[in-house]
Amino acid sequence: MPHGATHLYVPGPTNLPEAVRRALNVAMQDHRAPDFPRLTLPLFEDLKEVFKTRSGRVFLYPGSGTGAWEAAISNTLNRGDRVLMSRFGQFSHLWVDMAERLGLDVICVDVEWGKGVPVEDYERHLADDPSIKGVFATHNETATGVTSDVAAVRRAMDAQGSDALLFVDGVSSIASIDFRMDEWRVDLAVTGSQKGLMLPAGLGILAVSEKALEASRSSTMERCYFDFVDMISTNDAGYFPYTPPVALLHGLRASLDLLFEEGMEQVFRRHHRLAGGVRRGVSALGLELCAVAPEWYSDTVTAIRVPEHVDGAAVCRIGYQRYRTSFGAGLTKVAGKVFRIGHLGDLNEVSCLAALASAEMALADAGADIPLGAGVAAAQAYYRAALTDEAARSPEPGLVTAPVR
Ligand SMILES: *Cc1c(COP(=O)(O)O)cnc(C)c1O
């Protein structure tokens, strides 16, 4: 076996910071012990800060993002309820599929893969149909590298006087891209542990507004494992209705400490900067993004269109086998046509340069005619300028900054 790390650039699971890995390594403990709430109660409070909610509450389910999707729907809606959704990538597609399988009456707006939530279409549907009970938005479509404007969805709902619940999939945005639950009046916000929170998979995390809690009191959809009632009755005292993944909760403590130490706004800026370098690198290679316009560009994942005669799956395979680098594959509709660089979580500029360097080699080996090194060089130039600029604006003691020449 070759030595050195295997480089992980899938958009989840993401790299574990060393402090998180250490925190995960705990002896098992009694989750009904008197001092267990000392661990759990602050986690609920601190997660509210991550979601930017004061009035909402957070649920931690053993599970994954998909489980939190189901918890959101099954606690607040009824079979046959009409809901408004849109589909523009594999994850938004899967949420539509779940909603249909749970018996909702789904109005699904299909959108070109590469664009995001169609706010004007949403507004039209809301105007036409006041019976809509839920409006769904995938904040960051991980399959295509597209971020949508949740605030604009809320504005469209307000403009039409809709009192529907606003459901947002923030699995690959929350804790990496700015998310404002209270300001946007999001009612149900979903994430998972293995993306921006830099943990292994295993937690489905759901933030819920007071309005959604109120709706859950009269909703009749069948639910048991995910029932808010059982969660609330134990969570308030710092316990769970069933065995929580204790190690993950310790990992979550470490992850939140890291995020707060950096500062959430700094975390968002870092992701924006890292993404900017990757996008400039892609452009310098003469390649296009799957996202069709800058308004949709994602700061956590870049989906790159491969040239016509090149197989995106081969880029991923060569990247993995030859260069020990995991990229995200193109999924379903864009299988073979794109590959993805995930740049969320525990990453920095040099991590992204490594991703570009590896991608360039894999692309060239897969038959793409690209100028080797050009992507890396463009990203280097961008990062140097961006970091010098940043350092000039907020000089940190002890930080050595080289002038850009
Ligand atoms: C990863 C992801 C999911 C699925 O989450 P799991 O934790 O794999 O269940 C859902 N939506 C988006 C946008 C994702 O990126």
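**From the core to the ligand**

Author: This is a predicted model. If neighbours within four places in sequence are left out, Ile 73 is in contact with Trp 95, Met 98, Ala 99, Leu 102, Leu 104, Phe 136, Phe 167 and Met 221. Ile 73 also belongs to the largest nonpolar core, which has 87 residues. Along with Val 135 and Leu 206, Ile 73 is one of the residues with the most contacts inside that core. Helix H9 (residues 246-262) supplies the largest share of this core, seven residues.

Next comes the ligand. Helix H3 (residues 65-76) gives three residues to the shell around the ligand, the most of any contributor. The residues around the ligand include Gly 65, Thr 66 and Trp 69, and also Ser 64, Phe 91, Asp 169 and Lys 195. Sorted by class, the shell has seven polar, three nonpolar and two charged residues.

Several distances to oxygen atoms of the ligand can be given. A polar side-chain atom of Ser 64 is 2.5 Å from a ligand oxygen atom. For Gly 65, a backbone N or O atom lies 2.8 Å from an oxygen atom of the ligand. In Gln 194, an N or O atom of the side chain is 2.8 Å from a ligand oxygen atom. On its own the ligand has 380 Å² of accessible area, and the protein covers 89% of this.

Thr 300 sits in the loop between strand S11 (288-289) and strand S12 (301-305). Thr 300 counts as buried because its relative accessibility is 0%, and the cut-off for buried is under 20%. The side chain of Thr 300 reaches the backbone oxygen of Ser 172 at 3.0 Å. Beyond four places in sequence, the contacts of Thr 300 include Asn 140, Ser 172, Ser 176, Ile 177, His 271 and His 343.

Pro 130 is exposed because its relative accessible area is 73%, and exposed requires over 50%. Pro 130 and Ser 162 are 32 residues apart in sequence, but 6.8 Å apart in space from C-alpha to C-alpha.

Methods. Residues are numbered from 1 along each chain as its sequence is written. This is a predicted model: local features need pLDDT of at least 70, side-chain atom pairs count only at pLDDT 80 or more; totals for chains, interfaces and linings use all residues. Side-chain values use heavy atoms; hydrogens and water are left out. A residue is near a molecule or strand if one of its heavy atoms lies within 4 Å of it. A polar contact is a pair of N or O atoms within 3.5 Å; within protein, one must be able to donate a hydrogen and the other to accept it, and residues adjacent in sequence count only if both atoms are side-chain atoms. Accessible areas come from the Shrake-Rupley method with a 1.4 Å probe; for residues, only the protein chains shown count as cover. Helices (H or I, at least four residues) and strands (E, at least two) are DSSP runs, numbered from the N terminus. Ala, Val, Leu, Ile, Met, Phe, Trp, Tyr, Cys and Pro count as nonpolar, Asp, Glu, Lys and Arg as charged, and the others, Gly among them, as polar. A nonpolar core is a set of buried Ala, Val, Leu, Ile, Met, Phe, Trp, Tyr and Cys residues joined through side-chain atoms within 4.5 Å. Buried means under 20% relative accessible area, exposed over 50%, partly exposed in between (1.4 Å probe, protein chains only). Contact means heavy atoms within 4.5 Å.
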